[in-house]
Amino acid sequence: MIIGKSLHITWQELACKDGSAYPSKFIQDGRVIELIVMFERIRAIWELPIIINSAYRTVSYNKKVGGAPNSQHILGKALDLQPPKGITIIDFYTEIKFQYLKLGVRGLGLYSSFVHTDIRDSTKLITWGL
C-alpha cells in the first residue's frame, strides 16, 4: 500500500526485513512524514525509481546485519538507497550531498552499493564513507 504522502514508497519498504512493521510511535510523532519527504525530494532529482535497501530495523535485526548500535535505522530515521538505473553511486552521493539542505538530509554515508540517508537530529550534515 502506497503511503498517503508518497507516490513512490510503501509501508512494506519502510518495514524491517525481519517482518516487523514500521513502529506506530514513529508514525504518530511525525518522523515518517519527514523521512518520506526526504525520499520524495531525492527521487524528484532524477525522476526515476530508487530502490530502498533498508529502512527501519529492530535492535536485533540491526545487530544481525552489523549495523551501528546507535543506528538511525533503529529510530526509523534512515533509508539506504540504491541509485537509479544508469546513475553511478558516486554521482548519486555527490548530488545528494550538494543538495542536502533542500532535501532535508542530515546524515549521508557512501558505501560500495548504496547511499545511506537519514534525518537525524543535527544542525549540520554528517558524512562518512569509502
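A residue is called buried when its relative accessible area is under 20%, exposed when over 50%, and partly exposed in between (1.4 Å probe, protein chains only). The model is predicted: local features need pLDDT of at least 70, side-chain atom pairs count only at pLDDT 80 or more, and totals for chains, interfaces and linings use all residues. Residues are numbered from 1 along each chain as its sequence is written, and side-chain values use heavy atoms, without hydrogens and water.

**Serine 54**

Serine 54 sits in strand S1 (residues 52-54). Helices (H or I, at least four residues) and strands (E, at least two) are DSSP runs, numbered from the N terminus. Serine 54 is buried, at 8% relative accessible area. Contact means heavy atoms within 4.5 Å. A polar contact is a pair of N or O atoms within 3.5 Å; within protein, one must be able to donate a hydrogen and the other to accept it, and residues adjacent in sequence count only if both atoms are side-chain atoms.

| Link of serine 54 | Partner |
|---|---|
| Polar contact, side chain to side chain | arginine 57, 3.0 Å |
| Contact, leaving aside neighbours within four places in sequence | His73, Ala78, Leu79 and Asp80 |

**Helix H5**

Which residues of helix H5 (residues 89-98) are buried? They are Ile89, Phe92, Tyr93 and Ile96. These residues lie on the same side of H5, because they cover an arc of only 95° around the axis. The arc is that of the directions from the helix axis to the C-beta atoms. An α-helix has 3.6 residues a turn, so residues three or four places apart point the same way. The buried residues of H5 pack against several elements, including helix H3 (31-46) and strand S2 (78-81).
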